[in-house]
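Open the model in your viewer and keep the selection tool at hand. The stops below say what to select next and what is there.

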Amino acid sequence: MQVIEEPALLTAWARSVRERGETIAFVPTMGFLHEGHLSLMREARKRGQHLVVSIFVNPLQFAPGEDLERYPQDLAGDAAKCREIGVDVLFLPSPDRLYPEGFQTRVQVGPLASGLCGASRDGHFSGVATVVLKLLNLVRPTTAVFGSKDYQQLQVIRRMVRDFDLDIEILGMPIVREPDGLAMSSRNAYLSPSERSQASVLQRALGEIQGWVDEGTRQADVLLSRLRGLVEEQPLARIDYITLVDAETLAPIDRVENRPILAALAVRFGTTRLIDNSLLRPGERDA
Ligand code: AMP
């Protein structure tokens with residue numbers, strides 16, 4: 001496994017791969033790798049002859065007061081996991097290398113980025129789209145793999161790739177969970193034991209909603225108030241948002257109809273903000 005820190009070296013490596021007619025699959029991450037990341041990397045391993053993984057905690061996507069300075073890190077552990085999976089290039093740029101003095105251009109994202117996490121994380125998705133565009137241009141992969149835990153991020157990136165005519169396949173992978181259902185996240189490391197045990201409510205609550213839909217409840221406000229009730233039973237939970245949206249446009253819905261609907265939430269436990277989501281199947285009575 002090659003470790004590359006310099007963007008120009010990555011570009012040169014990727015060019016030589018392409019000149020040989022070989023393919024590259026790419027997984028961008030912020031590191032502190034867990035099974036969720038590894039599932040993307042294993043899939044990517046099958047999708048290209050060469051696998052590039054990046055670890056970069058992107059300052060552009062953190063608002064002031066968020067956890068940029070304390071984001072967990074374990075470079076040695078991450079490198080060992082990458083080696084085990086068969087990563088060819090681990091790209092570890094520094095912020096100065098990706099954003100040298102004079103850097104000033106950003107991707108302006110559209111309405112997909114304004115609700116859900118975009119409503120409380122100012123500038124977040126513009127920062128995500130900007131770094132992902134830079135990374136895609138450096139690596140020029142045939143396929144890039146993302147997790148649907150960050151569902152809105154995945155939609156924003158798919159949109160950007162279409163809007164900017166990038167010739168790259170974007171692959172979304174399912175959410176990998178802990179045994180109690182909590183979605184794996186590098187940020188789970190922040191949770192105290194009591195926060196950690198209460199956090200499993202998120203997936204339990206998202207699982208209940210499907211049952212209510214199957215029993216015939218279709219009104220979004222009824223479903224959402226039940227969902228809130230479940231989450232609020234946990235004394236340490238502070239809801240940022242809980243919503244039902246059209247899975248394509250991410251616009252809030254009033255009723256669950258026979259089209260893809262996403263239940264999505266962001267909830268704080270102490271200082272840790274967790275997100276999770278679930279795609280609803282249309283109710284059996286509609287079938
Ligand atoms: P991050 O390091 O948090 O920026 O995540 C890097 C990639 O891993 C993103 O595409 C995430 O959606 C994905 N990812 C993070 N957690 C999970 C998970 N539990 N299951 C699947 N993918 C995940």
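**A pair of strands**

Begin with β7 and strand β8 (residues 261-269), which pair in the antiparallel sense over nine bridges. Helices (H or I, at least four residues) and strands (E, at least two) are DSSP runs, numbered from the N terminus, and two strands pair if DSSP finds at least two bridges between them. This is a predicted model, in which local features need pLDDT of at least 70 and side-chain atom pairs count only at pLDDT 80 or more, while totals for chains, interfaces and linings use all residues. Residues are numbered from 1 along each chain as its sequence is written, and side-chain values use heavy atoms, with hydrogens and water left out.

Select Y241: the residue opposite it in β8 is A266. Then colour β7 (residues 237-246) by accessibility. Seven of its 10 residues are buried, so β7 is largely enclosed by the rest of the structure. Buried means under 20% relative accessible area, exposed over 50%, and partly exposed in between (1.4 Å probe, protein chains only).

**The open sheet**

Next, show the six strands that form an open sheet in the order β1-β4-β3-β2-β5-β6, with parallel pairing. At its edges are β1 (2-4) and β6 (169-173), each of which pairs on one side only. On average, neighbouring strands of this sheet are turned by 25° against each other, direction ignored; the axes are lines fitted to C-alpha atoms, for helices over the stretch in contact, and angles run from 0 to 180 degrees between N-to-C directions. Strands of a sheet pair through backbone hydrogen bonds, either parallel or antiparallel.

Zoom in on β5 and β6, which run parallel and are joined by five bridges. Select G147 and look across to M173, its bridge partner in β6.

**Two nonpolar cores**

A nonpolar core is a set of buried Ala, Val, Leu, Ile, Met, Phe, Trp, Tyr and Cys residues joined through side-chain atoms within 4.5 Å. Which residues have the most contacts inside the largest one? Select L10, W13, V52, V132 and I170, in a core of 32 residues. Elements that each supply at least two residues of this core include α1 (7-19), β2 (24-29) and α6 (124-139). The largest share, nine residues, comes from α6. Apart from this core lies another, of 27 residues, with W212, L224, V267 and F269 among them.

Now centre on V132. Leaving aside neighbours within four places in sequence, V132 is in contact (heavy atoms within 4.5 Å) with F146, I157 and M160.

Select Q153, found in helix α7. Q153 is buried, with a relative accessible area of 18%. Beyond neighbours within four places in sequence, Q153 is in contact with F125, V128 and F146.

Y151 is also found in helix α7. Its relative accessible area is 11%, so Y151 counts as buried. Not counting residues up to four places away in sequence, Y151 touches A247, L250, L262, N277 and L279.

Move to L202, which lies in helix α9 (residues 201-214). Is L202 buried or exposed? L202 is buried, with a relative accessible area of 1%. With residues up to four places away in sequence not counted, L202 touches V231, L265, V267, F269, L274 and D276.

**Rings and charges**

Rings of Phe, Tyr and Trp (its six-membered ring) pair if their centres lie within 6.5 Å; planes under 30 degrees apart count as stacked, over 60 as edge-to-face and the rest as tilted. By this rule there are three aromatic pairs. F62 and Y71 form an edge-to-face pair, 6.1 Å centre to centre with 80° between the planes. Both F62 and Y71 are buried. Select F56, Y99 and F103 to see one aromatic cluster.

A charge sits over a ring if NZ of Lys or CZ of Arg is within 6 Å of the ring centre and within 35 degrees of the ring normal. Over the ring of Y190 sits the charged end of R70, 4.0 Å from the ring centre. The charged end of R226 sits over the ring of W212, 5.3 Å from its centre.

**Two loop residues**

Finish at F32, in the loop between β2 and α2 (35-47). Its phi is positive, near 55°, in a residue other than glycine. F32 is partly exposed, at 27% relative accessible area. D165, in the loop between α7 and β6, has a positive phi of about 55° although it is not a glycine. D165 counts as exposed, at 67% relative accessibility.
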